[in-house]
Amino acid sequence: MTPGPGGPSRTLAEALAEGVVLLDGGLSNQLAAQGCDLSGELWSARLLADGPEQIEAAHTAYVEAGAQVLITAGYQAGFEAFARRGIGREEAAGLFARSVELARRAAGAVDRDVWVAASVGPYGAVRADGSEYRGRYGLTVRELERFHRPRIEALAAAGPDVLALETVPDVDEARALLRVAGECGLPVWLSYTVAGGRTRAGQPLDEAFALARGNDQVVAAGANCCDPADAEGAVRAAVEATGRPAVIYPNSGERWDARTGAWSGPPTYDPGLAGAWRRAGAGLIGGCCRVGPNTIAELAAARERDAL
């Protein structure tokens, strides 16, 4: 059975039970490669209003490379951030819906299952001050729930296949996200940003992943926006803590210099490492910042060779 325009023919959990599923790579780097200006606090989400055709083209590039899951352009979007640009709540809700629609259109261009994951970035991402790599914002879990609820409700109403609770820096925010996501009933994956075997806020990964244990809504847990060197350890910790497949999509390994506003150092993301991630229990594998369609195509080729 081939997927129709409304979505794939089976759930993501069913696909994970059969084998590895490939995520896409970094949306922002593909948009930059297309010549898009991503300056400003909304980052790639600005193009939901100003250049939706560019977002769809970026998604299409990953579908053509072999990606089976497309992550939407709402990572840094929030009602508050949209309001600062003069966009009211009704229009902003429409932009959240558009992020799902654009990915769905790109997914529908091929005769195979492609799932749409609505990106739910952390509170720090919407602040656009780098605090998603520190966590511990000084907010209570209840306050974080109040922040995330409107955007999760808007995204869920658009009908994605899964919510990507991604780049989460600490356990408190993960707890808030899971509670709010539990109200919508959609499948989710929980993905921390990690460094040195801990969350960015410094919590042990077994403690962080334990939140997902026994939660049937969580189809996978793992890490993203991290150094490739931290990937395998995060996968093992996630699988051991949850008993579920892991999700892993590291950065290229290059370093972002906030002072100069530029990337530095060589890329260290090696598609050949994905086999080890798979053996450690990864079911969802892809890339984050600076990982582009060519790398996803290498992963797709490895999957075709049964090397994943």
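Is glutamate 18 buried or exposed? In this predicted model, glutamate 18 is exposed, because its relative accessible area is 62%. Arginine 10 counts as partly exposed, with a relative accessibility of 27%.

Side chains of opposite charge can pair when their charged atoms come close. The count for this structure comes to 17 salt bridges. Another of them joins glutamate 254 to arginine 290, with the closest N and O atoms 3.0 Å apart. That pair links distant parts of the chain, 36 residues apart: glutamate 254 is in the loop between strand 9 (246-249) and strand 10 (255-257), while arginine 290 is in the loop between strand 12 (282-285) and helix 13. Glutamate 254 is buried at a relative accessible area of 14%, whereas arginine 290 counts as partly exposed at 39%.

Salt bridges that share partners also build one network, made of Arg142, Glu145, Arg149, Arg179 and Glu183. Within it, the side chains of glutamate 145 and arginine 179 meet at 3.0 Å, N to O. Glutamate 145 is buried, with a relative accessible area of 7%; arginine 179 counts as partly exposed at 45%.

Helix 8 has a kink of about 35° at histidine 148, shortly before proline 150. Just after helix 8, glycine 159 takes a positive phi of about 80°.

An α-helix has 3.6 residues a turn, so residues three or four places apart point the same way. In helix 8 the buried residues are Val141, Leu144, Glu145, Phe147, His148, Arg151, Ile152, Ala154 and Leu155. These buried residues pack against several other elements. The helices among them are helix 5 (79-84), helix 6 (89-107), helix 7 (123-127) and helix 9 (171-182). The strands among them are strand 3 (115-120) and strand 4 (162-168).

Aromatic rings are the next topic. The structure holds 7 aromatic pairs. In one of these, the rings of tyrosine 123 and tyrosine 137 have their centres 4.9 Å apart and their planes at 65°, so the pair is edge-to-face. Tyrosine 123 is in helix 7 and tyrosine 137 in the loop between helix 7 and helix 8, 14 residues apart. Tyrosine 123 is buried with a relative accessible area of 18%, and tyrosine 137 counts as buried at 15%. Tyrosine 123 also pairs with phenylalanine 147: the ring centres are 4.9 Å apart and the planes stand at 85°, so this pair is edge-to-face. Since tyrosine 123 lies in helix 7 and phenylalanine 147 in helix 8, the pair ties together parts that are 24 residues apart in sequence. Both tyrosine 123 and phenylalanine 147 are buried. Elsewhere, Phe79, Phe82 and Phe96 form one aromatic cluster.

How many disulfides does the structure hold? The number is 0. For cysteine 226, the closest cysteine sulfur is that of cysteine 225, and it is 7.8 Å away, too far for a bond. For cysteine 289, the closest cysteine sulfur is again in cysteine 225, at 4.0 Å, which is also too far for a bond. A disulfide needs sulfur atoms within 2.5 Å. Cysteine 226 counts as buried at 1% relative accessibility, cysteine 289 is buried at 12%, and cysteine 225 is buried at 3%.

Cysteine 225 has a further feature, in its backbone. Most residues other than glycine have a negative phi. Cysteine 225 has a positive phi of about 50° although it is not a glycine, and is found in the loop between strand 8 (218-224) and helix 11 (231-242). Aspartate 306 is likewise not a glycine and has a positive phi of about 60°. Aspartate 306 is in the segment after helix 13 (293-304) and is exposed, with a relative accessible area of 66%.

Notes. Residues are numbered from 1 along each chain as its sequence is written. This is a predicted model: local features need pLDDT of at least 70, side-chain atom pairs count only at pLDDT 80 or more; totals for chains, interfaces and linings use all residues. Side-chain values use heavy atoms; hydrogens and water are left out. Buried means under 20% relative accessible area, exposed over 50%, partly exposed in between (1.4 Å probe, protein chains only). Helices (H or I, at least four residues) and strands (E, at least two) are DSSP runs, numbered from the N terminus. The bend at a residue is the angle between axes fitted to the seven residues ending there and the seven starting there. Contact means heavy atoms within 4.5 Å. A salt bridge is a side-chain nitrogen of Lys or Arg within 4 Å of a carboxyl oxygen of Asp or Glu. Rings of Phe, Tyr and Trp (its six-membered ring) pair if their centres lie within 6.5 Å; planes under 30 degrees apart count as stacked, over 60 as edge-to-face and the rest as tilted.
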